[in-house]
Amino acid sequence: MSSGTGLFVTFEGGEGAGKSTQIRRLAEALRARGHEVLLTREPGGSPGAEAVRHVLLSGAAEAFGTRMEAILFAAARNDHVEAVIRPALLQSKIVLCDRFMDSSRVYQGVTGNLEADFIETLQRIAVNGVVPDCTLILDIPARLGLERVKKRSAATASGPDRFEKDELEIHEKRREAYLDIAAREPERCHVVNATQDEEAIAAEILAIVNQLLAPVAAAKMPEAAHE
Ligand code: TYD
């Protein structure tokens, strides 16, 4: 494990991929099996990070440039890690986080055109050793994801946020960037086809996480008595 004895799982993907629905479903399924689960999200998840969230998503920081936004995301992430995620992992909880460091690599790094070195250094400082054990990348064609977001925005009468309003081409680039990360880090990342129906996606995700939990459960079993 990357930190403590818990399990750290992150959900990633483009807009409208269904991360929030699936992360909730996974949390419910794990709790029903008796696991202690902490469900959190970024940007935000701790009081310090929530204070920065509005600045980022309203677009208030946009005028100051992508570098500034990337540093703010990293500052929020570091607060979230130290105040919430690391303590939960040390208490052996399963931490499920809606977006984490790969969002910065993709949104600020690739489509924000920041140098790889800059973004990687920032992430190293932000996560401070707390790297996900498993990252589920919900993959969906950008056009389809954006249609879902539009429907959601119409239903809630909320407009698109700072990043949702980008061009389709940028969203496609993000999709590719996630797939590149998955190809580079196959041990950590699992790509899930998010065009499947909700039940099928939930079952696939649960199967992946169950496999990770099997060794944890085995390690916690009392040793069999020897005859
Ligand atoms: P939010 O409304 O929380 O959620 P969703 O994950 O459903 O889109 O929006 C978060 C937005 O912030 C999203 O457009 C991605 C963006 N983002 C970054 O650009 N960099 C980051 O490091 C993080 C965590 C998010």
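Good morning. Two aromatic rings, from Phe, Tyr or Trp, count as a pair if their centres lie within 6.5 Å. I begin with that rule because it decides what is counted in the structure before us, which is a predicted model.

By this rule, the model contains three aromatic pairs. One of them is formed by phenylalanine 73 and phenylalanine 163, whose centres are 5.8 Å apart. The planes of these two rings make an angle of 50 degrees, and the pair is classed as tilted. What does this pair tie together? Phenylalanine 73 belongs to helix H3, whereas phenylalanine 163 lies in the loop between helix H6 (142-156) and helix H7 (168-184), so the contact links parts that are 90 residues apart in sequence.

In glutamate 15, an N or O atom of the side chain is 2.8 Å from an oxygen atom of the ligand. For arginine 77, the distance from a polar side-chain atom to a ligand oxygen is 2.9 Å. For arginine 99, an N or O atom of the side chain lies 2.6 Å from an oxygen atom of the ligand. As for cover, the ligand on its own has 540 Å² of accessible area, and the protein covers 91% of it.

Arginine 99 is located in the loop between strand S3 (94-98) and H4.

I close with another backbone detail. Where is proline 43 found? Proline 43 is in the loop between strand S2 (37-41) and H2. The peptide bond that joins glutamate 42 to proline 43 is cis, with an omega of about -10 degrees.

Thank you for your attention.

How values were computed. Residues are numbered from 1 along each chain as its sequence is written. This is a predicted model: local features need pLDDT of at least 70, side-chain atom pairs count only at pLDDT 80 or more; totals for chains, interfaces and linings use all residues. Side-chain values use heavy atoms; hydrogens and water are left out. A polar contact is a pair of N or O atoms within 3.5 Å; within protein, one must be able to donate a hydrogen and the other to accept it, and residues adjacent in sequence count only if both atoms are side-chain atoms. Accessible areas come from the Shrake-Rupley method with a 1.4 Å probe; for residues, only the protein chains shown count as cover. Rings of Phe, Tyr and Trp (its six-membered ring) pair if their centres lie within 6.5 Å; planes under 30 degrees apart count as stacked, over 60 as edge-to-face and the rest as tilted. Helices (H or I, at least four residues) and strands (E, at least two) are DSSP runs, numbered from the N terminus.
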